Amino acid sequence: MASTVAGRDAHLGLGESRARMRMMEIVAMATVAAMVAGLVLYPIYYLLQAALDVGLPDTRPPTAYGVDNFVKLLDYPAVLWNTLVVTCVATLLALLFGFVSAWILTRTNVPFRRTLDQLMTMPYYVTPLLGALAWSLLGAPESGFINQVWRKFFGTEALIDITSPMGIAWVMALFEGSVAYVMISAVMQSMDPALEEASAVMGGSRWRTMWRITLPLVAPGVLGAAIFVFAEMLGSFSVALVLGTPARFYVITTAIYHFVSQYPPRIALAAAMGASLFAVMFAMLWLYRWLTSRNSFVTVSGKAFRPRVMDMGPLRWVLFGVVVLYVLASAILPVATLLFAALQKLAVAFPAASNFTLDHFRQAFSINAVRTAMLNSILLALVTATLGVMMTGLLSWIILRSRLPGRGVLEYLAMFPQAVPRIVFAFGMMWAWLVFPLPVYGTFWVLLIAYLTVFMPLGVRTISGVVLQLDKSLDECGQVCGASWWYRMRTITVPLLRPGLLAAWLLIFVASVRELGASILLMGPDSKVMTPAIVEAWFSSSSELTAAMALIQTVVITAMMVVFGLLARRLAQHGAPAQ
Amino acid sequence: MPKRSTTRRTVLKGGLSVAAMPLASTLLIDRLAAQGRPVTKVLDFTTAADIAKAEAEGEFTFYSHDSEPAIAGILEAFNKDFPKIKGKYVRAQNSTLFTRTIAERSANKFGADVIQFSEPATALDFQKRGGYSRYVSPQSEFYAAEHLSDPVGDYFWIGVTFVGLAYNTEKVKPEDAPKEWKDILKPVWANGANVKMSNSGMQFVQWYELRKLYGDKFWSEFAKLKPRGFDSRAQQFERLAKGDERICVLAEYAGYLLVKDKGAPVAFVAPADGLPAAPLLCGIADRGSSPEASRLFIDWQMSLRGQNHQQTNPYLYYGSVRKDAPPMPGGKRLADYKLLSPTKEMDAFIASRDSFNKEWNAMLGL
C-alpha cells in the first residue's frame with residue numbers, strides 16, 4: 001500500500017515538500033506512540049517490580065525478587081470467584097441496558113428522544129460512590145427505605161437485599177450502563193440507515209432487522225464497550241466497598257484496598273493481584289481484535305446519508321417506558337434518595353419533622369478545601385478531556401489506520417491502565433513520577449499525567465468504534481487529491497468522527513471530575529480535588545453529609561454538561577459535516 | 001462509669017513514678033538544654049522554636065491520618081494564633097500515609113514537615129528508619145515519659161482514643177444490652193455486631209488487650225457470630241443508629257458523641273474490666289523545609305491550647321494525656337477511666353501485629 005501511494009506520488013510529480021510532510025507525519029505519529037508507551041509502561045514497570053518484590057517490606061528498590069506474591073493469590077479463591085461472578089453479570093446487564101437504550105434512542109422514533117438522550121448520560125455524572133450510597137440507603141436489608149416501607153405495610157422480611165452479589169452487580173450495571181450507552185450510541189449514530197431500510201424493503205421485520213443488520217454493524221462499538229465495561233467492572237471499587245463490606249463480600253479491588261490499608265501494608269500482594277488482571281484484559285482485547293479483523297464494519301463511506309429512524313407505531317410508547325425505567329432506577333431515584341437523606345439529621349424512611357435540616361449543605365459549602373477542590377477538579381477535567389481526546393483520537397487513528405510499525409502493540413498498551421484496578425495502578429504512578437527528573441510529583445501536573453494515563457482506554461475505545469466505521473477510501477481520496485495528512489484530518493476525518501470525539505470528550509471530562517483512586521495517592525497539599533473529599537466525608541462524617549457534597553458535585557457537573565451540550569449543538573449548526 | 005481501682009500495686013507504681021519524677025524532669029531539662037535553644041513564652045505556652053524564623057518560613061506541611069475536616073480544623077486554629085504561618089496538609093489513611101512518606105523519602109523528596117500516625121507500630125517503624133527530626137519541646141514536662149518517644153523528642157502522644165460497647169436502644173432493651181466484654185460472645189449477637197477492619201490501630205489494641213484478659217479463644221468464639229467490619233467509627237455508628245447492627249463492639253467514645261448529638265437511639269457502655277485505649281502519635285519529620293514552623297506547631301499541639309482543641313473538636317474528641325488537661329466534653333478526664341493500653345509491653349504488642357491481621361481478616365471473611 002505504502003509503495004503504491006509512493007508510486008502514485010512520483011507519477012503525479014509531487015516534490016520533496018510532500019516527502020518532507022510525510023516524514024513529519026511519521027515523526028508526529030511516532031511521538032504520540034512514544035508518549036503513550038511512556039505514560040503507560042513507566043508506571044507499569046514499577047508496578048511489576050512491586051508485584052515481584054519478595055524482599056524487605058517497604059524498602060525501595062526491592063531487595064529480592066520472586067513470584068511468591070502471585071502464588072499467594074491462590075489463598076484467596078473466594079475473592080477471585082466473587083470478582084468473576086459480579087464482573088460478568090454486571091457487564092452483561094450494563095451492555096443490555098446500554099445497547100437497548102442506544103438502539104431505542106438512535107434508531108427508533110421514540111418520543112422525547114433528545115430529552116431522554118440527555119437523561120441517559122446522567123448516571124455517569126453521578127460518582128459511583130454516590131450511586132452505591134443511594135442504593136444502600138434504598139436497599140439495605142435492615143435500614144433500606146424500600147425495606148422499611150415494605151415492612152411497615154406488608155411483612156417482616158426484607159423485600160430486597162442490595163448487599164447480595166446480585167444486588168452489587170445490579171448497581172454496578174446501572175451506572176456503567178450509561179457508559180455503554182454513550183459508546184454504543186456514538187457508533188449507531190454513524191451508521192448508514194440504508195442498510196436497515198434495505199432489510200425492511202426485503203420484508204425483514206423490525207426485530208429481525210435489529211438482530212441481523214443493526215447488531216452486526218455496530219459490533220465493534222458493542223465489543224469495544226464490552227471490553228471497556230468489563231474492565232471497569234473488574235476495577236470497580238466504590239460499589240463493592242459500600243455494598244459488599246456489610247455482607248462480608250469481597251472482590252479483588254476491596255481485598256486490595258484492605259491489603260494496602262492495613263499495617264504493615266501488603267503492597268506487593270496487592271500489586272500481584274492487580275497485575276494478574278493483565279492476563280484477563282489481554283485475553284479480552286485479543287478476542288476483540290480477532291473479531292473485528294474478520295469482517296468489515298464500514299458504514300460511513302463516500303455515499304451521503306442522513307440518519308433516519310424507524311417508525312415503531314404505538315410500540316414507541318413501550319420503548320419510551322423502557323428508557324424511562326432505566327433513567328428512573330439509575331439517576332432519578334438515587335438522586336432523589338440522596339436529596340431526601342441529605343436533608344435529614346439521620347436518614348430514615350419515615351422522618352419526623354424535627355429530623356429535617358439544611359446543616360449538611362451548609363457544612364459542605366463551609367469547608368474551604370471543598371470549594372477549592374471543586375474548582376481544581378473542573379479545571380483538571382477540562383484540560384484532561386481536551387488533551388485526552390486529541391491524544392486518544394490520534395492514537396486510535398494510528399492503531400487502526402496507520403502503517404506505523406508496532407501499532408498493534410499500542411492498542412494493548414493503551415488498555416493496560418484499564419486492566420489494573422486504579423487503587424493499585426496509582427502506586428505504580430506514584431513510584432514512577434516520584435523519581436522522574438522533572439519536579440511534577442505533588443503538583444497538578446502529576447494529576448494531569450495520571451488522568452491522561454488512566455483515561456486513555458476510555459478515549460481509545462470510544463473513538464476506535466467510530467474510526468472502524470469510516471471507509472478508508474474517504475481519506476485516500478483526499479490523499480490522491482494532494483491533501484496533506486493534517487488537511488485531511490481537519491476536513492475529512494475529524495468532522496466524520498465528531499460523534500465519537502464528542503462522546504469521548506464528555507466521558508473523559510466526567511470521569512476526570514469523579515476520579516478517585518489515583519487522586520487519593522497523588523494529590524499534593526496544593527492540588528486537592530473533589531471526589532477524595534467526598535469519600536473522606538463518607539469515612540469520617542456521615543452518609544448525609546456525603547450525600548450533600550456528592551449532590552453539589554453532581555449539580556455542578558450536570559450544569560457544565562448542559563453548557564457543553566449547547567455549545568456543541570451551536571458548533572454543529574455552524575459547521576455540520578458533509579457526509 | 002467505674003473509677004480506677006486502687007490496689008497495693010497501683011499505689012506502689014504511683015509512688016515509684018512520683019519518686020522518679022524529679023529524675024525524669026532533670027533528664028528532660030538536660031536534653032532541652034543540650035538542644036541549645038532559648039525557651040520563650042508565646043501566648044500562654046513556652047516554645048523553643050525561633051518564632052521570627054518560623055514566620056519567615058511562612059508555611060509548613062502536615063501529613064496526617066486524621067479526617068480532612070479534623071486536620072483543617074487544627075490548622076485553622078493554629079493559624080488563628082499565628083496568622084503569618086499557613087499550614088497545608090496531606091491526608092491519607094495511616095498505612096497509605098506511611099507507604100507514601102517512605103516512598104517519597106527514598107526518592108529524596110521530603111514533603112512532610114510534621115507527621116502524625118494512628119498506630120505506635122507505624123511511628124516506631126518510622127523512627128527506626130530515621131524519619132523523625134528530634135526536638136525536645138519545653139511542653140514535654142507536662143507529659144509522662146510513657147507518653148513521649150524513647151528517646152524523647154521524636155514523637156509524643158497527641159491524644160488518646162478509647163472504646164467501650166454501644167447498642168441500639170430501639171433494637172436492644174437496656175436489660176439485654178451487653179455490660180461486660182464477655183457479653184459480646186452471646187449467640188444473640190450473631191450477624192448483629194460490628195467492629196473495625198484490621199487497618200484500625202484501635203481495633204488492634206482491643207484485640208490485644210481483651211485477648212490478654214480473656215485468653216486466646218476469646219476472639220475465635222466471637223468470630224462464630226460473623227461480625228461485620230468497617231473502616232471508620234462514623235460508619236459503625238451510623239449503621240448502629242439505623243439498626244443495621246444491634247451492637248457496636250469497638251465503640252469509640254468520640255464516635256458515640258457524634259451520633260448522640262444527632263439524636264440517634266444509641267447508648268454507650270463502659271465495661272468494668274476497662275476500656276482499650278490507643279494513642280495517636282505526632283512528631284517532626286526529618287529534613288522538612290520548615291523546621292522552625294514545625295517546632296512551633298508541635299509546641300502548640302502539646303500546649304493546653306492545642307490539647308484543648310484535640311479534646312473539643314467534634315471531628316477529633318481525642319482525650320489528652322497532658323498532666324494538667326482540662327475535662328473532656330461530658331465533664332470527665334481521661335484519668336477518670338480505667339484504660340487498657342499496651343504501654344509497658346510495646347515490643348510484645350507490635351510483634352503480635354501479623355497474628356492480629358491474620359485472625360481479624362479471616363474473622364471478617366477476607
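Me: Which radius of gyration does chain A have, and what would a compact globule with 579 residues have?

Reply: The radius of gyration is taken over C-alpha atoms, and the globule rule is 2.2 Å times the number of residues to the power 0.38. For 579 residues the rule gives a value near 25 Å; chain A has 25 Å, which agrees. Its C-alpha trace spans about 80 × 70 × 45 Å along the principal axes. This is a predicted model: local features need pLDDT of at least 70, side-chain atom pairs count only at pLDDT 80 or more, and totals for chains, interfaces and linings use all residues. Residues are numbered from 1 along each chain as its sequence is written, while chains are lettered from A and ligands numbered from 1 in the order in which they are written.

Me: How many helices and strands does chain A have?

Reply: Helices (H or I, at least four residues) and strands (E, at least two) are DSSP runs, numbered from the N terminus. Chain A has 27 helices and zero strands.

Me: What percentage of chain A is buried?

Reply: A residue is buried if 20 or more other C-beta atoms lie within 10 Å of its own, exposed if 12 or fewer, and partly exposed in between; the C-beta atoms are placed from the backbone. In chain A, buried residues make up 51% of the 579.

Me: Which residues of the largest nonpolar core touch the most other members?

Reply: In soluble globular proteins, nonpolar side chains tend to be buried together. A nonpolar core here is a set of buried Ala, Val, Leu, Ile, Met, Phe, Trp, Tyr and Cys residues joined through C-beta atoms within 7 Å. The largest has 284 residues, and L47(A), V171(A), A180(A), I184(A) and A271(A) touch the most other members. Helix α9 (residues 165–189) of chain A gives the largest share, 17 residues.

Me: Which residues is L47(A) in contact with?

Reply: Two residues are in contact if their C-beta atoms, placed from the backbone, lie within 7 Å. Leaving aside neighbours within four places in sequence, the partners of L47(A) include A271(A), V420(A) and F427(A).

Me: Where do chain B and chain A touch?

Reply: Here 48 residues of chain B are in contact with 40 residues of chain A. Among the elements of chain B that give two or more residues to its side are α3 (68–81), β4 (86–91) and α8 (233–242). The largest share, nine residues, comes from α4(B). Ala, Val, Leu, Ile, Met, Phe, Trp, Tyr, Cys and Pro count as nonpolar, Asp, Glu, Lys and Arg as charged, and the others, Gly among them, as polar. The side of chain B that touches chain A divides into 17 nonpolar, 17 polar and 14 charged residues.

Me: Which residues of β5(B) lie on each side?

Reply: In a regular strand the side chains alternate between the two faces of the sheet. In β5(B), V114(B) and Q116(B) are on one side, I115(B) and F117(B) on the other, and all are buried. V114(B) counts as buried because it has 24 C-beta neighbours inside 10 Å.

Me: Which strands does β5(B) pair with?

Reply: Two strands pair if DSSP finds at least two bridges between them. Three bridges join strand β3 (residues 59–64) of chain B to β5(B), and these run parallel. Four bridges join β5(B) to strand β11 (residues 275–284) of chain B, and these run antiparallel. F62(B) stands opposite V114(B), and V114(B) stands opposite I284(B) in β11(B).
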